[in-house]
Amino acid sequence: MSSWEQRRDYLTQVALRSLRGHKTFDLCRSHLVQVSQISKGTIYNHFTTEADLIVAVASAQYDEWLFAAKQDAQRYPDPFSRFLYHHCYRLHQVLSQQRFVIERIMPNQTLLFEATTSCRQRFEKICDEYTQWNRNTISEVGDIPGFNRTELVMDYLRGAMINSDDSNRQANDIQLYCQFSYALTQLMGHSDKRIPTEFVFAKWLSNLSCASSAA
């Protein structure tokens, strides 16, 4: 990785930290100057437009989800469990770390049009890969005719992330993950499958807490 890419990634991580707890993307390139201790000129070289900053943040989040998805493919051989736990983990990260919910503004064709070509293409590549992972995993669980299950599920996920953040749900709320998993199961068309029990989710949350403490 070049020094230019490293600096871009550093600035993007600074932006992500600065957005924690925010319900709107109210961060501008000029705001990064003070928090990053990097000159305005350098920041504007990395993010030519304000849209570039937003799209770069979105790319970083999608990239993180894609990385986690690939790990989950090894961690959960069963595609049904893999899909549920992957998205429960995403929800937990939003709530426990007060992350900005990028689904509030992305994907957004207007923003992508305003971004520079390289920034837009990077996001589109990562977004397409992540969407394909979701599509493939849903297909592995079992294709159900009649509806575009991937579209139904992705629309629900977007709303659930935003609504859970807006309502200030707690990251350790076991019922939240049960309801979330139940909804995903129904939308995938697999109401016959059993979701993890409250006891199982309690153990899962405990393991996440231990892993976080160890880190």
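Residues count as buried under 20% relative accessible area, as exposed over 50%, and as partly exposed in between. The legends below describe close-up views of a predicted model.

View A. C28 takes part in no disulfide, and the nearest cysteine sulfur, that of C119, is 16 Å away. With a relative accessible area of 30%, C28 is partly exposed, because this value falls between the limits of 20% and 50%. C127 is likewise in no disulfide; its nearest cysteine sulfur is that of C119, 13 Å away. The relative accessible area of C127 is 11%, and C127 is therefore buried. For a pair of cysteines to count as a disulfide, the sulfur atoms must lie within 2.5 Å.

**View B. Helix α8, residues 149–166.** The helix has 18 residues and reaches 26 Å from its first C-alpha to its last, close to the 26 Å expected at 1.5 Å a residue. At the start of α8, the backbone nitrogen of T150 has a side-chain oxygen of N148 within 3.3 Å. Beyond the other end of the helix comes N168, with a positive phi near 55°.

**View C. Buried residues of α8 and the helices they pack against.** The buried residues are R149, T150, V153, L157, A160, M161, I162, S164 and D165. An α-helix has 3.6 residues a turn, so residues three or four places apart point the same way. The packing partners of the buried residues of α8 are α5 (79–96), α7 (117–142) and α9 (174–187).

**View D. The loop between α5 and α6 (109–114), where P107 is placed.** M106 and P107 are joined by a cis peptide bond, with omega about -5°. Q98 is also found in the loop between α5 and α6. The phi of Q98 is near 50°, a positive value in a residue other than glycine. Q98 has a relative accessibility of 52% and so counts as exposed.

**View E. N168 in the loop between α8 and α9.** Although N168 is not a glycine, its phi is positive, at about 55°. The relative accessibility of N168 is 53%, and N168 therefore counts as exposed. This residue follows α8, the helix that spans residues 149–166.

Definitions and conventions
Residues numbered from 1 in each chain as written. Predicted model: local features only at pLDDT ≥ 70, side-chain atom pairs only at ≥ 80, totals over all residues. Heavy atoms only, no water. Helix = DSSP H or I, 4+ residues; strand = E, 2+ residues; numbered from the N terminus. Expected span 1.5 Å × (residues − 1). Buried < 20%, exposed > 50% of the residue type's maximum accessible area, 1.4 Å probe, protein only. Contact = heavy atoms within 4.5 Å. Polar contact = N/O pair within 3.5 Å; in protein donor to acceptor, adjacent residues only side chain to side chain.
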